[in-house]
Amino acid sequence: MTNYSAFESLRHAVSGRPWSRAWRNPEPKSQYDVVIVGGGGHGLATAYYLAKEFGIRNVAVLEKSHIGSGNAGRNTTIILANYLLAGSTEFYGHSQKLWDTLSSELNFNVMFSPRGQILLLNSSEDVDGAVRRSNIMLRHGIDARLLDRAAMQKLVPHLDYRPTARFPIWGGLLQPSGGTARHDAVVWGYARAASQLGVDIIQNCEVTGFLRDGGRITGVETTRGRVLSKKTAMAVAGHTSQLGEMAGLRLPIESHLLQAFVSEPLKPLLDHVIDFVSHGQFYISQSDKGGMVFGGDLDMYNSYAQRGNLPAVRDVASLAVSLMPCLGRVRLVRHWGGINDMTMDGSPIISKTPLEGLYLSGGWGYSGFKATPASGWCFSHLIARGENDRLSAPFSLDRFARGATIDEAGTGPIPRLH
Ligand SMILES: Cc1cc2nc3c(=O)[nH]c(=O)nc-3n(C[C@H](O)[C@H](O)[C@H](O)COP(=O)(O)OP(=O)(O)OC[C@H]3O[C@@H](n4cnc5c(N)ncnc54)[C@H](O)[C@@H]3O)c2cc1C
């Protein structure tokens, strides 16, 4: 496979030769050392680090549709590390560091844009909370800066600063290294790098069941035949509960729809990623093509429906124009949905399961895109070594039984309060 470089670009431009395929398209073999179910960012990153860090290359990633067709290709691409709780702070801090060098690591431009992410502060309580949050971030080596109202007005002039504003702006918490990356490029970059190391990426191959020998998983049934594996890993996001059920596991995960929106392209309007969580949820950034990319809260009922609906358009549009009145005249061009896998404490699961040979990465909820590099890194360690590394140890499945939940959502381990 070609190494991408300025020299190769020039060579192809001069010779007119087409580029070779970015990843191979093999037939599934009958047996692998590791089968990973799910060709999203997490499954592909896991395959890449298994091959690169642990030399395990007899690996297949089985994807029921095309790679990146799930949440990896549907998210609003926000990357940040402003977490509060022990466990989350270290994990997301590590992920943030991996983003810095991901393009050169994969020899693929993932268009990581550390343009700065700002959490809006809309009350004195928000400011108090942000002081605590920023101290925790700084203690963990994550950059954080508190902004007062005047600094906000200078950095993000198009928010509503009028005295009559629906959500008065008291200030912001800036993480300068936060930002966005191009979601498809992350999927393609990991796929290409994994394939180059020998991983088989098999698209249009749905897993329909698990093969077992007593309490041990020995492979999977697929729409393209039976595939045996020494170890099997699930990285299927919103479908985790369905796959879990096929294996006979009842997991502390619910599936909810999350929707996102993009406007017509505009001239540069917003330099930062803005997050608003004070009254409901809203986040917005401007894509490289100029579209305003934004989203809101989950649909608060369980669903596997991967599509948008009008009540969410109304709620999210109302927050958008309340916070940035100039958006009132902008046309929406697309709107879509993805299925989020929500755990009862708002934190992910990277874990062995009660079934020998079956591993789980799930419960990523709203936060899985930013977690992609660290998730792949930690999950590959678990699969290769049979035990969690230091960073992912807090996210094991048995935390729910032990009462060691990581209540990062701030709502307690209560279903439907995500
Ligand atoms: C609208 C929206 C906005 C979001 N915004 C952000 C954000 O700004 N920042 C952030 O950090 N996170 C965000 N997220 C969350 C993030 O997108 C996900 O947590 C992350 O992409 C999960 O990655 P994944 O690889 O685990 O899942 P996916 O990309 O969903 O991959 C799972 C794959 O498994 C496949 N699959 C399912 N069942 C089977 C089967 N039986 N056999 C074979 N394959 C199967 C699916 O087709 C899918 O491709 C958002 C999510 C949504 C929906």
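Mentor: Let us begin with Met 111, which is found in the loop between helix H4 (102–106) and strand E4 (117–121); helices (H or I, at least four residues) and strands (E, at least two) are DSSP runs, numbered from the N terminus. This is a predicted model, in which local features need pLDDT of at least 70 and side-chain atom pairs count only at pLDDT 80 or more, while totals for chains, interfaces and linings use all residues. Residues are numbered from 1 along each chain as its sequence is written, and side-chain values use heavy atoms, with hydrogens and water left out.

Trainee: Why does Met 111 count as partly exposed?
Mentor: Buried means under 20% relative accessible area, exposed over 50%, and partly exposed in between (1.4 Å probe, protein chains only). Met 111 has 35% relative accessibility, so it counts as partly exposed.

Trainee: What makes the phi of Met 111 worth noting?
Mentor: Its phi is near 55 degrees, a positive value in a residue other than glycine. Most residues other than glycine have a negative phi. Ala 237 also has a positive phi, of about 45 degrees, although it is not a glycine. Ala 237 is found in the loop between strand E11 (225–234) and helix H8 (240–246), and at 24% relative accessibility it counts as partly exposed.

Trainee: Why is the pair of Tyr 4 and Trp 19 called edge-to-face?
Mentor: A search of the whole structure finds 14 aromatic pairs. Rings of Phe, Tyr and Trp (its six-membered ring) pair if their centres lie within 6.5 Å; planes under 30 degrees apart count as stacked, over 60 as edge-to-face and the rest as tilted. The rings of Tyr 4 and Trp 19 have centres 5.4 Å apart and planes at 85 degrees, so the pair is edge-to-face.

Trainee: Which parts does this pair tie together?
Mentor: Tyr 4 lies in the segment before helix H1 (6–15) and Trp 19 in the loop between H1 and strand E1 (31–37), so the pair ties together parts that are 15 residues apart in sequence. Tyr 4, at 27%, is partly exposed, and Trp 19, at 40%, is partly exposed.

Trainee: How do you know that Arg 192 lies over the face of Tyr 4?
Mentor: A charge sits over a ring if NZ of Lys or CZ of Arg is within 6 Å of the ring centre and within 35 degrees of the ring normal. Arg 192 lies over the face of Tyr 4 at 3.7 Å from the ring centre.

Trainee: Are Phe 91 and Tyr 92 buried or exposed?
Mentor: Phe 91, with a relative accessible area of 0%, is buried, and Tyr 92, at 3%, counts as buried. Ring pairs link Tyr 83, Phe 91, Tyr 92, Trp 364 and Phe 395 into a cluster.

Trainee: What makes the side chains of Gln 175 and Gln 96 a polar contact?
Mentor: A polar contact is a pair of N or O atoms within 3.5 Å; within protein, one must be able to donate a hydrogen and the other to accept it, and residues adjacent in sequence count only if both atoms are side-chain atoms. The contact between these side chains is at 2.9 Å. Gln 175 is in strand E6 (residues 171–175), and at 1% relative accessibility it counts as buried.
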